[in-house]
Amino acid sequence: MTDIDRPGRRPRAVRRAASAWIAEPAGKAALALTAGAVLTITLVVVGAPPVLRLDRAVAERLHTAALQHPGLTHAGRIVTDWIVDPWTMRLLIAATAMWLWHRRRRLLAWWVVCASAVEWGLRSLLRWAIGRDRPTWDRPVDSAEFAAMPSGHAMTTAATCVLLLWIAHITRQPTGLVRLGAAIAVAAVAAACVTRVFLGVHWLTDTLAGTLLGAGLAMGAAAAWHAGPYSNTARSESLAHRRSERGPAAAATR
């Protein structure tokens with residue numbers, strides 16, 4: 001029997017891994033974001049009157065505005081159907097994974113893809129488990145299927161943006177580019193939340209829960225990467241890629 005198979009070894013290993021994950025700043029952020037999402041979902045599930053009244057008031061006011069301003073409604077549909085659509089976000093993840101693969105950061109590429117897939121699966125599971133009805137209107141301006149909570153647009157956009165910003169950070173992209181990306185990420189998440197409520201297919205708390213869950217999941221994936229042995233392998237891949245890039249350049253200068 002090896003050491004890892006002995007009784008008590010695995011629980012200790014799990015505790016060490018959990019402690020390392022929590023010690024990461026991203027791990028702490030993931031816990032805080034997830035706690036906020038759980039609180040939001042709990043308040044909705046138990047039917048907290050102030051929360052439900054807020055949802056109804058915001059939805060009715062925005063739906064009235066959507067009916068009064070068809071131009072804004074059309075623009076909102078373009079944003080939600082093309083710019084912050086979950087499939088657009090998944091295409092960004094796929095493109096990022098291909099870029100990482102080309103740079104020989106293959107483990108990191110798989111990590112990002114798997115994190116995005118987990119977000120997709122978790123969102124579908126939660127929607128089925130919570131089963132919240134979407135808003136209904138006499139004069140709808142848009143339509144959507146399946147349960148409402150959490151918002152898929154908000155959750156996928158938040159998870160994708162956080163993952164892309166994390167990738168930009170650990171691949172050492174220029175500071176100005178990262179700051180621009182952060183500004184675009186904030187705008188994208190806000191657009192996903194506002195348009196879904198404005199078009200009358202989600203409640204405000206649907207988008208809040210989706211944003212918190214998506215960002216929390218992405219932060220959790222980042223913390224797990226840094227807390228585990230994967231970052232050492234990734235550094236080796238990055239070093240090998242840099243050497244391969246310097247090789248032809250060095251040969252050309254001889």
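1. Largest nonpolar core. In this predicted model, the largest nonpolar core contains 20 residues, and Leu100, Leu108, Val112, Leu163, Trp166 and Ile167 have the most contacts inside it. A nonpolar core here is a set of buried Ala, Val, Leu, Ile, Met, Phe, Trp, Tyr and Cys residues joined through side-chain atoms within 4.5 Å. Buried means under 20% relative accessible area, exposed over 50%, and partly exposed in between (1.4 Å probe, protein chains only). Two or more residues of this core come from each of α5, α6 (106–130), α7 and α9 (204–227). The most, six residues, come from α9.

2. Beyond its neighbours within four places in sequence, Trp166 is in contact (heavy atoms within 4.5 Å) with Leu108, Trp111, Val112, Ala222, Trp225 and His226.

3. Basis of the values. This is a predicted model, in which local features need pLDDT of at least 70 and side-chain atom pairs count only at pLDDT 80 or more, while totals for chains, interfaces and linings use all residues. Residues are numbered from 1 along each chain as its sequence is written, and side-chain values use heavy atoms, with hydrogens and water left out.

4. Overall make-up. The chain has 10 helices and zero strands; these are DSSP runs numbered from the N terminus, helices being H or I of at least four residues and strands E of at least two. Of its 254 residues, 39% count as buried. Among contacts with a separation of 6 or more, 79% are between residues 24 or more positions apart.

5. Largest pocket. The volume of the largest pocket is about 480 Å³, taken as the space filled by probe spheres set on grid points joined across faces, edges and corners. A pocket is an open set of points on a 1 Å grid over the protein atoms alone, where a 1.4 Å probe fits, with protein on both sides within 12 Å along at least five of seven lines; lining residues have an atom within 4 Å of a point. Its lining has 19 residues, with Cys161, Leu164, Leu165, Gly181 and Ile184 nearest the centre. The elements giving two or more residues to this lining are α5 (86–102), α7 (152–170) and α8 (175–198). The largest share, seven residues, comes from α8.

6. Cysteines. Cys161 counts as buried because its relative accessibility is 12%, and Cys193 does so at 17%. The whole structure has zero disulfides (pairs of cysteine sulfur atoms within 2.5 Å).
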